[in-house]
Amino acid sequence: NTANGFQALYSNTEGANNTANGFHALYHNTLGVWNTGIGNVSLYFNTSGSFNTAIGHLSLLHNTTGSFNTANGRGALYANTTGEYNSSNGYNALFNNTVGVHNTANGNQALTMNIAGNNNVAVGDSAGFHSLGNNNIYLGKKAGYYETGSDKLYLGSDANKTIIYGDMNTGQLFLGMQQPAGYIFKGTRTLNVVGGVLADSVRVGLSGTWSDYVFAENYQLRTLGELENFIRANKHLPNIPSATDVAINGMDLASMNAKLLEKIEELTLYILQQQKEIEEIKKILLHSK
């Protein structure tokens, strides 16, 4: 062991291969091994935690049995007691973490309020500041600053400048809302967008069948009388969603294009039928002369 500073490694009994540099660094360590505490009271309460690295005043101060933690910065992992495999870099990064594991915080006050959340990644000043959940990813200054849930993705440049928001549990992404904390995805589609989409080309894959079945010999084309009765009763064309349905569920572009083509092809058949009738009437009129 190497101790440099007033009462550094003061209580050590059997711990080995530790390095303590600073006032009361690793003060309570008794059995912990391979720890490095550089800074006043760094790893102060550590007793049997091992393979920890604390660089900075108050870093990993309350750690007791937690192992494999890395804290770089004043107050980094300050409250950690039994949490393990955490990595924090920055002033007060992961400050309140006590039992959370496998968290990575890179930036001043990143993941500051996290207490027991696991598997979170925050990169940026105050990224994920209020985070309490698990499996979150925050990228950018104050990205996801207000988020407290789990399985969320934030990419942005400030608390109210989110560019991309995602729910990793459902695999969905959301664009167009600068502060989306608490947003509930509409439907099950992968991408939700508010504010519109501008593109010079869009190709939509077909999810069902194309509409050429209308031209099959066995296709049952409604009579014009049947069609009129349907429209009067339902106020929309057959096999076309109503305005109410679209307002609630939106519409699938591929499916809607196929249905619109179905109507065009049916209309073509009606025109051909009527043309035949017109030709028959012409013949009758010519013979009557």
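Here's a walk through the pockets and nonpolar cores of this predicted model.

Let's start with the open space. The largest pocket has a volume of about 670 Å³. Its lining runs to 20 residues, and those closest to the pocket centre are Arg189, Leu191, Asn192, Asn249 and Met251. Strand 13 gives the largest share, with 3 residues.

Next up is the second largest pocket, which holds about 170 Å³ of space. You'll find Val214, Ala216, Glu217, Tyr219 and Leu221 along its lining, together with Leu269, Leu272, Gln273 and Lys276. Sorted by class, that's 6 nonpolar, 1 polar and 2 charged residues.

The largest nonpolar core has 25 residues, and the members that touch the most others are Ala20, Leu60, Ala105, Leu111, Ala122, Tyr138 and Tyr165. Ala122 is a handy one to click on: leaving aside residues up to four places away in sequence, Ala122 touches Thr104, Ala105, Asn106, Ala110, Leu111, Ala127 and Tyr138. Ala105, Leu111 and Tyr138 turn up among those contacts, and they are also on the list of core members that touch the most others. Apart from this core there's a second, separate one of 5 residues, with Tyr27, Val41, Tyr44 and Leu61 among them.

Technical notes
Residues numbered from 1 in each chain as written. Predicted model: local features only at pLDDT ≥ 70, side-chain atom pairs only at ≥ 80, totals over all residues. Heavy atoms only, no water. 1 Å grid on protein atoms, 1.4 Å probe; cavity = no way out; pocket = protein on both sides within 12 Å on 5 of 7 lines; lining within 4 Å. Points joined across faces, edges and corners; volume = space filled by probe spheres on them. Helix = DSSP H or I, 4+ residues; strand = E, 2+ residues; numbered from the N terminus. Nonpolar A, V, L, I, M, F, W, Y, C, P; charged D, E, K, R; others polar. Core = buried A, V, L, I, M, F, W, Y, C linked by side-chain atoms within 4.5 Å. Buried < 20%, exposed > 50% of the residue type's maximum accessible area, 1.4 Å probe, protein only. Contact = heavy atoms within 4.5 Å.
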